[in-house]
Amino acid sequence: MLAAAPSAAVLGIDALDILVEVHVANGLPQWTLVGLAATAVKESRDRVHAALVNSGFAVPSRRVTVSLTPGDVQKQGTAFDLPIALAVLAASGQLPADVLATTCAIGELGLDGQLRPVRGVLAVARHVAATSDALLIVPPDNLQEALRVPGARAMGPRTLAELVAALRDGTARSDIRIRRSSVRSVGTPDLGDVMGQALAVRAVEIAAAGAHNLLLQGPPGAGKTMLARRMPGILPPLDDQEALEVLAIHSVAGMLGPDEQAAIDLGRPFRAPHHSVSQAGLIGGGSWPRPGEVSLAHHGVLFLDELSLFPRHTLEALRQPLEDGAVVVARAARAVRFPSRFALVAASNPCLCGYAGSEDRSCRCSVAELERHRARLSGPLADRIDLHVHVRRVPPETLSLQPAPECSATIRQRVIAARERQRLRYAHLPSPSHTGATPFTNASAPSRLIAPASRLEPDARALLVRAADRLTLSARAYHRVLRVARTVADLDDTDVVTRQHLAEALRYRATYHGHEVTASDTVTG
């Protein structure tokens, strides 16, 4: 007898339909599984056999052939345990075969018949909700994840026996309850704690408002890491589409527990990998591609502390995600695309000893050591960083004399208002994400739109041309200056970019080139 159970497989952060077909025929007891199944899928035979026996069902003592179609797509993971078990029951006459036609089942089976959680359920739920009206059957620990998708119909039975009983008597129904986690925010570090770093705090605000890349460079103890870790507190909240996309990535990575869902509900992702991270860990990879840190930071912040300690080849791999907002992990059998539209925040000492250019302490590094240190950050990568800020050491005797800085809540209101202006400005453009998430920011909008959106005053345009010639700006750097200037104008709630806005944007770019842009809008050597 032949039976089939619809299922799905995860590819990147998307999913594709898989049909699990089972044929039970006369012959010696034998189990054959075909369809490019990986080892974890082939091992499902023993898990399914034990789960059926311990759930009170009969295991066919005949020839059983299991086919996972399409046959030219590799199958990975343990999520096919449940559909295989259901198809075996239907093919052996223990379950009406027609009840499976309007379902889609994924889940791992324990030897006792319990349903255990699997990765990528949110991606499958999004696919099923968009392509059919099928009832998605998932393990109970994955149920709330599936129900996050608008329009999704899902149920989470605890055991195989409970599921089969519901399918037999027609009581299999979608759950409609979404239980929010009881996890609460423990408090985000506040920018009001930072004393005497007005320029750096302003750069952090600009970076948050326009999703710009930021490099903080300065001596040890100046406050670089302190500044970077306070950036999440001024970022706007994720909207529903953004949160869904972030949750899908974390689901595929196998990180979406209740605490993780609550953290994403509370704010944007903030990832801070150690400098020993591998290139695959940072960008993504593996024989079965999985997202890296750049994708886990999607719609949020990727913080690279001690930038100069990262291997150069690892840093160079950041070029594509910084430019395209996505990573393509290519393997012999497939190429998988992971979104990675994030704001890069990096912190670095200016040299090995940390005091190159310091006003109150001399540098002990040789010329060769300085050159090797600076070579870690290549010119093409530095060109993709919008804001270069030198964080100077604040003398202890002046710390108590500094005026009280603004708190994160005040700055966050300006950032949210600036992001809203950008949302309205680019609302007519197709979303950069196939899921329809929030459109572009000033940092990610197409270059052809930046100049018209900037609405430069004539004297501001003249300043930009003069500065581009003096600083030998590349075409990319030229447009990135315009992007930053547009963000500064958005923070000032104005449609026109003035000389002052452009001069402030050039000031952060000039820091990298070793020039100085003054407040009077002149460029000097």
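Leaving aside its neighbours within four places in sequence, with which residues is glutamine 197 in contact? The first point below takes up this residue, and the later points turn to the rest of the model, which is predicted.

1. **Glutamine 197.** This residue lies in the loop that links α6 (160-169) to α7 (198-210). Once neighbours within four places in sequence are set aside, glutamine 197 is in contact with Ala222, Val391, Arg392 and Val394. Is glutamine 197 buried or exposed? Its relative accessibility is 8%, and residues under 20% count as buried, so glutamine 197 is buried.

2. **The protein as a whole.** The chain has 525 residues, of which 52% count as buried. There are 22 helices and 20 strands. The C-alpha trace spans about 90 × 45 × 45 Å along its principal axes. Among contacts with a separation of 6 or more, 73% are made by residues 24 or more positions apart.

3. **Surface and charge.** The protein exposes about 22400 Å², and carbon and sulfur atoms supply 52% of this area.

4. Strand β1 (residues 2-11) pairs with strand β2 (residues 14-25) in the antiparallel sense, over 10 bridges. The two strands form a hairpin with two residues between them. Glycine 12, in the turn, has a positive phi of about 70°.

5. **The five-strand sheet.** An open sheet with parallel pairing has the strand order β11-β14-β17-β10-β18. Its edge strands are β11 (270-271) and β18 (387-390), each of which pairs on one side only. Strand β14 (residues 301-304) is joined to strand β17 (residues 343-348) by four bridges, and leucine 302 stands opposite leucine 344 in β17.

6. **Strand β10 and its two partners.** Four bridges join strand β10 (residues 214-217) to β17, and four bridges join β10 to β18. Which residue is the bridge partner of leucine 215 in β17? The partner there is alanine 346. In β18, the bridge partner of leucine 215 is histidine 388.

7. **The three-strand sheet.** A further open sheet, also described by parallel pairing, has the order β5-β8-β9. Strands β5 and β9 (154-155) stand at the edges with a single partner strand each, so one side of each is left without a neighbour in the sheet. Two bridges hold the pairing of β8 with β9. At this pairing, leucine 136 stands opposite alanine 154 in β9.

8. **The largest nonpolar core.** This core has 58 residues, and the members that touch the most other members are Val124, Leu136, Leu282, Val294, Leu302, Leu304 and Leu318. Helix α9 (residues 240-252) provides the largest share of the core, namely seven residues. A second, separate core has 56 residues, including Leu191, Ala207, Leu214 and Leu463. As a general background, nonpolar side chains in soluble globular proteins tend to be buried together.

9. **Leucine 282.** This residue is one of the core members named for touching the most others. With neighbours within four places in sequence left aside, the contacts of leucine 282 are Pro273, Val277, Gly292, Glu293, Val294, Leu302, Leu304, Thr314 and Leu318.

10. **Helix α4.** Helix α4 (residues 121-131) is mostly covered, as eight of its 11 residues are buried. Those buried residues are Val121, Leu122, Ala123, Val124, Ala125, Arg126, His127 and Val128. They pack against β1, β2, β5 (103-105), β8 (135-137), α5 (143-147) and α9.

11. **Arginine 334.** This residue is placed in the loop between β15 (326-330) and β16 (335-339). Why does arginine 334 count as buried? Its relative accessible area is 14%, and the cut-off for a buried residue is under 20%, so arginine 334 falls in that class. Not counting residues up to four places away in sequence, arginine 334 touches Leu11, Gln74, Ser287, Trp288, Pro289 and Val329. Arginine 334 and tryptophan 288 are 46 residues apart along the chain, and their C-alpha atoms are separated by 9.2 Å.

Technical notes:
Residues numbered from 1 in each chain as written. Predicted model: local features only at pLDDT ≥ 70, side-chain atom pairs only at ≥ 80, totals over all residues. Heavy atoms only, no water. Pairing = 2+ DSSP bridges. Core = buried A, V, L, I, M, F, W, Y, C linked by side-chain atoms within 4.5 Å. Buried < 20%, exposed > 50% of the residue type's maximum accessible area, 1.4 Å probe, protein only. Contact = heavy atoms within 4.5 Å. Areas by Shrake-Rupley, 256 points an atom, 1.4 Å probe, with all protein chains shown as cover.
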